[in-house]
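Dear colleague,

Please find below the structure that I am handing over to you, together with its sequence. My findings follow after it.

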Amino acid sequence: MKKVISVRFKENGKSYYFDPAGADIKTGEYVIVETARGIECGEVVQGVREITDAAVPKALKPITRMADSVDIRRMRQNREDEKRAYHTCQECIARHGLEMKLVEAEYTLDRSKIMFYFTADGRVDFRELVKDLAGIFHTRIELRQIGVRDESKMIGGLGICGQPFCCSRFLKDFQPVSIKMAKEQGLSLNPTKISGACGRLMCCLAYEESAYEYLNSIMPMVGSTVRTPDGLGTVLEVNPVSGYLRVRCGTESLSPRYYKVGVCEYVSGGKRAPRRPDPEDDYSGVRNPAPVVASSDEGEKRCAGGCCARKRPAEKE
């Protein structure tokens, strides 16, 4: 076990572990640390605590010292100067006619370096731009190209849900998001409906993915044959959240009906058979699991389940 503190350098930025070096540091205090970018002043977002050795980097850097009022005042002054540096850099970019979009400017605490973050479609030759900026600011200049997701995190905004961006509000790391998650959740595959302001798939698609994977695994798939109170039928639609199946029974002339999955017995068909709900699982509150019936082709017992209804269909029985 190692004693660590969590330090954050930006309001919505990622927090990093540092060695408290034996000091009693509390949440909300400021510390001076040495990072790959130089000397920085950061806010402690989590005080001294113990975590396992495997959860921290091998070379955990200790804090340099506690920040005093001069350091905090200098940090806040740097934040004000960064705004002016941002506009100055924008003017230089326009003067050189470079195809790049400036996102943010950032000073180190000792003002030994200023970093400019930008996005661009391809590689940009900014050598002349760096010379101009060095002549204006008389310090070391670093230009760093970032992705569109990082841009949204830095700038912030409102998503299609009406809430501030998750990445700029509470997400510390970007998780991989795939189109498979949208398919698993039965969402529209229209890019405009499942993409965020950054143009990438929305991060929130990953929030409930594990729940949908589990619920889909314990329910019959589309195309399966199930036994309902009205006889054998074919599953046309599955709603894993409400726990209802849309089934066509008998002949094609009969209109499909909705059945609670608990009153349906899986018989055969589908790409796979539903598995038995795990009582130890986080989603063990599945109501009325489907009765088990022998499969006609494999002769083994299988079952399906539903969950508490979040959205009730218009027609059910």
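A search of the whole structure, which is a predicted model, finds zero disulfides. C161, for instance, is in no disulfide, and the nearest cysteine sulfur, that of C166, is 6.4 Å away. A disulfide would require the two sulfur atoms to be within 2.5 Å. C161 counts as exposed because its relative accessible area is 62%, and exposed means over 50%. C41, by contrast, counts as buried because its relative accessibility is 3%, and buried means under 20%.

The strands come next. Five of them form an open sheet in the order β2-β1-β4-β3-β5, with antiparallel pairing. At the edges of this sheet are β2 and β5 (65-66), each of which pairs on one side only. Within the sheet, β3 and β4 run antiparallel and are joined by six bridges.

Finally, I turn to the pockets. The largest pocket has a volume of about 1,300 Å³. Its lining consists of 43 residues, and F9, K10, G13, E104 and E106 lie nearest the centre. By class, this lining has 21 charged, 16 nonpolar and six polar residues. Which element gives the largest share of the lining of the largest pocket? That share, seven residues, comes from α1. Elements that each supply at least two residues of the lining include the strands β3 (30-35) and β4 (38-51) and the helix α3 (148-155).

Yours sincerely,
A colleague

Terms used:
Residues are numbered from 1 along each chain as its sequence is written. This is a predicted model: local features need pLDDT of at least 70, side-chain atom pairs count only at pLDDT 80 or more; totals for chains, interfaces and linings use all residues. Side-chain values use heavy atoms; hydrogens and water are left out. On a 1 Å grid over the protein atoms alone, a cavity is a set of points where a 1.4 Å probe fits but cannot get out, and a pocket is an open set with protein on both sides within 12 Å along at least five of seven lines; lining residues have an atom within 4 Å of a point. Grid points are joined across faces, edges and corners, and a volume is the space filled by probe spheres set on the points. Helices (H or I, at least four residues) and strands (E, at least two) are DSSP runs, numbered from the N terminus. Ala, Val, Leu, Ile, Met, Phe, Trp, Tyr, Cys and Pro count as nonpolar, Asp, Glu, Lys and Arg as charged, and the others, Gly among them, as polar. Buried means under 20% relative accessible area, exposed over 50%, partly exposed in between (1.4 Å probe, protein chains only). Two strands pair if DSSP finds at least two bridges between them.
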